[in-house]
Amino acid sequence: MGKNSSRLGDSAAGLVRQAVDVLAEHYGYPPSWFPTRWRQLETDYGVQFSVCTEEGAPFLLGLVSGGAIDDRVRLLKQAFDEAQVCSSGVVMEGGHLTAYRYRSKDSDLIAVDALESYKFLERGAKPLLYTQPGDEYPLGTLPIAPLTDSVESVFFDAHSHIRDIDGLHADQALDELCKVLYTKLFDEEHTSPGEPLRAQFSIYGNTSELSTAFRGMYRAANEYDNRVYSLRIPGYKRSRGVFDDPIKLSAPALAQLVERLQVYDISNTATDLKGRAFQKVFLPALRAGMGQYFTPHNVVRFIVQVLAPSANQLILDPFCGSGHFLTEALDHVRSNHKNKAADEFAYHKLHGIEKSERMVRVAMTDMRLHGDGHANIRCTDALLPFSNYHDIERESFDMVLTNPPFGSVLGVDALSALADFELARSRKKVPLELLGLERSLAFLRPGGMLAIVLPESIFVNASAEFVRDWIATKAEVRAVVSLPIETFSPFGANIKTSILFCEKHRNAGAAKREVFCGVLENIGHDASGRVVDGADYEPLAEALAEWLR
């Protein structure tokens, strides 16, 4: 059990004071902080001390007693695990400090050659040097400006920094970038006019203090979202709380990102520009490990141009991955409606479901950069019984735009954990895309439109006749558009696909209309993903949209 620092024994207090003197004399930690930003605690495993940020979160942890050195290192790691936001630590032995760095990505504690010094700066003191030679500003007043075309690659560069410094895989680095952008947006949106932003490298004495303060702000952003949206969305934290996952970057990597992004006003950057900047990070990361979650941009654009969603329609992607259908639909509505209607559409009428927690973070980040709607992305499985969904019901949506996962075949055991599907009855194995098709139609209201990417075998193989017959009982097929074989090749799926457009029956006995059949021969990239000229989706989209009207 912990004891108040005032009850420390004389010998323990002396050890703490000795550590204070070493930190002040050799590493620049200001003596004036003691005891206001200095904490000391006598625990069952020894005397622990910490140096804290202005908000009271520890950014340097240490032990000055507690048995053999190996035991103290083990106990220091335990203290780090409990603190969660701290990255630097020391063990005091005979007046000498041994420094350690905590890696949150794997909860590992590693020894380092030297403790990072602290550069103490009073607010409003001497000017500081920023970004470019000659650019000096008083502490905390660094001006920020929106992104421009000339710096559109800033998110890509930030993603590269993460990979270079911490050695993360591309998809892991994308995940961490989403957490950083989420926090940066919170800082910009919640800092009062005239107050300094907290995501600035210069207002902290070293990378450990910055790292701890930023992690605390990340927590505050997540708590704010949970508090606000839980009031109107049942089970919000359970279905959307994907930013509970801690930032796993090292302190140097996080500091590098903050310094790279600190001069930009992301909130007030043009939506299309910051959307493009974020999309530049997508493609390499998705190719590197998350291709199953990605629908090529020209396929998404083709579908949205054909169906032309309006601001008064409820739209869902039940397998939304990165949320690309949703952001494209939002861009389309913003270009055709006044701001008030478009904002209402963004916040209340765009919905997504995705069971990958990492991809929900990506989708929510992209939605925020596109003008919000991020609170309507649910982290759950779209194939569960409807009783599992607290804020979504069957036959609710005017439009479903989706590309369900395909290629996997589910057996009896897997099917038993899902809802009861008509297309799976009396079958020992069922392709996953068939369940995606059935569930998409279940979400759609009578008269609603579905656009779904499916393997072409569903439309032509004799073995899939039962699927075509089933579709005829639920909806009227309005169009089928064949995609070129290379459409999904860059993402590891060499399969011929088509897009099905159908309208859910209002009246199953209504007269049948002719079906539009089209072929896209050039989707705008080759099998390796390189951009090629001659994409033909726009004229076909125009012709099909006119046909549907």
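Buried here means under 20% relative accessible area, exposed means over 50%, and partly exposed is in between, using a 1.4 Å probe and protein chains only. Before I go on, this is a predicted model, where local features need pLDDT of at least 70 and side-chain atom pairs count only at pLDDT 80 or more, while totals for chains, interfaces and linings use all residues. Residues are numbered from 1 along each chain as its sequence is written, and side-chain values use heavy atoms, with hydrogens and water left out.

Back to Ala 255, which sits in helix 7, residues 251–261. Helices are DSSP runs of H or I with at least four residues, strands are runs of E with at least two, and both are numbered from the N terminus. Leaving out residues up to four places away in sequence, Ala 255 touches Phe 201, Thr 207 and Leu 210, where contact means heavy atoms within 4.5 Å.

Now the whole chain. The protein chain has 17 helices and 18 strands. Of its 549 residues, 54% count as buried. If you take contacts with a separation of 6 or more, 70% of them come from residues 24 or more positions apart.

Let's look at helix 4, residues 170–190, and two of its partners. One partner is helix 3, residues 154–166: the two axes come within 9 Å and cross at roughly 120°. The axes are lines fitted to C-alpha atoms, for helices over the stretch in contact, and the angles run from 0 to 180 degrees between N-to-C directions. Helix 3 and helix 4 are therefore oblique to each other. The cut-offs are under 35 degrees for roughly parallel, over 145 for roughly antiparallel and 65 to 115 for roughly perpendicular, with the rest oblique. This crossing of helix 3 and helix 4 is right-handed, which is the clockwise case; left-handed is when the near helix is turned anticlockwise from the far one by less than a right angle.

Who makes the contact? From helix 3 we have Phe 155, Ala 158, His 159, Ile 162 and Arg 163, and from helix 4 Ala 170, Ala 173, Leu 174, Glu 176, Leu 177 and Leu 181. By class, that gives eight nonpolar, one polar and two charged residues. Nonpolar covers Ala, Val, Leu, Ile, Met, Phe, Trp, Tyr, Cys and Pro, charged covers Asp, Glu, Lys and Arg, and the others, Gly among them, are polar.

The other partner is helix 12, residues 357–369, whose axis comes within 9 Å of that of helix 4 and crosses it at roughly 40°. Helix 4 and helix 12 are therefore oblique as well, but their crossing is left-handed. On the helix 4 side, the residues include Asp 171, Leu 174, Lys 179, Tyr 182 and Glu 189; on the helix 12 side, they include Arg 358, Arg 361, Val 362 and Arg 368. That contact has eight nonpolar, two polar and seven charged residues.

On to rings. How many aromatic pairs does the structure hold? There are 19. Rings of Phe, Tyr and Trp (its six-membered ring) pair if their centres lie within 6.5 Å, with planes under 30 degrees apart counted as stacked, over 60 as edge-to-face and the rest as tilted. Take Tyr 182 and Tyr 218: their ring centres are 6.2 Å apart and their planes are at 75°, so the pair is edge-to-face. Tyr 182 is in helix 4 and Tyr 218 in helix 5, residues 207–229, so the pair ties together parts 36 residues apart in sequence. Tyr 182 counts as buried at 3% relative accessibility, and Tyr 218 is buried with a relative accessible area of 3%.

Then there's Phe 386 with Tyr 389, centres 5.8 Å apart and planes at 90°, so that pair is edge-to-face. Both of those residues are buried. One aromatic cluster is made up of Tyr 29, Trp 33, Phe 59 and Tyr 118.

Phe 59 also turns up among the contacts of Ser 87, along with Phe 80, Tyr 100 and Ala 251, leaving aside neighbours within four places in sequence. Ser 87 is in the loop between helix 2 (69–83) and strand 4 (88–93). Is Ser 87 buried or exposed? Buried, at 2% relative accessibility.

Ala 308 has a phi near 45°, a positive value in a residue other than glycine. Ala 308 is in the loop between helix 9 (297–307) and strand 9 (315–317), and counts as partly exposed at 34% relative accessibility. Ser 426 has a positive phi too, near 65°. Ser 426 lies in the loop between helix 13 (412–416) and strand 14 (430–431), and at 85% relative accessibility counts as exposed.
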